[in-house]
Amino acid sequence: ARLSTAVERGRVVNMDNYYTSPVVAVALAENLVYIWGTCRGNRVGIPAAVQYSKGEAAKVKWGTMKMVSDKNHGIVFYGWIDGNPIHFLTTADGTTVNEVTRSVGRLATQVQATICTKRYNAGMQAVDCHDQLRQTFALASRHGFKKYYIKMLLGLIDMALVNAYIHYKMVNEEACKIS
């Protein structure tokens, strides 16, 4: 029930392993902002029961999964093997497991994965597209400045330009179609 309410309100955030932590997840959940995201296995608060080492990952097959749920805070932690160990944290989804298609060489294989993995991957595609667009404008990365705040300001201008471009394309779909 929580996921459908969160998704309807648009309050589910994709996070990458740099920002994802149990402390952040709890703080955001208290403000009705739910997350799903990859996290570093050695991050403080990640249960050791879900952590995979690279050596351990090499010994088990793809789709092998460990899960720990913290009902007090509404957090679910996953350790999942997808070639390399992936550590995942979510407050938006429960413990539902489904299958995803993974390409191993030339073969498409069905492996077990969490429902949040599919949703996370769909959201991260949009983030990756946004990052590519930001590189197109890239005022902040084209210049070097001695004053850090100038580069930060240019980064914010980059974000504003990309968001304005996306908004323009959404509003003017007919004008933006390629003939």
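A pocket, on a 1 Å grid over the protein atoms alone, is an open set of points where a 1.4 Å probe fits, with protein on both sides within 12 Å along at least five of seven lines, and its lining residues have an atom within 4 Å of a point. The model is predicted, so local features need pLDDT of at least 70 and side-chain atom pairs pLDDT 80 or more, whereas totals for chains, interfaces and linings use all residues. Residues are numbered from 1 along each chain as its sequence is written, and side-chain values use heavy atoms, without hydrogens and water.

**Exercise 1.** Determine which residues line the largest pocket.

*Solution.* The lining consists of Asn14, Met15, Asp16, Tyr19, Met124, Val127 and Asp131. Next, assign these to elements, where helices (H or I, at least four residues) and strands (E, at least two) are DSSP runs numbered from the N terminus: H4 gives the largest share, 3 residues, and strand E1 (12-15) also supplies at least two.

**Exercise 2.** Compare the span of helix H4 (residues 115-137) with the expected one.

*Solution.* The expected span is 1.5 Å times one less than the number of residues. With 23 residues, H4 reaches 35 Å from its first C-alpha to its last, close to the expected 33 Å. Just after H4, Ala138 takes a positive phi of about 40°.

**Exercise 3.** Decide whether Leu156 is buried or exposed.

*Solution.* Locate Leu156 in helix H6 (residues 148-171). Then apply the cut-offs, with buried under 20% relative accessible area, exposed over 50% and partly exposed in between (1.4 Å probe, protein chains only); Leu156 is exposed because its relative accessible area is 58%.
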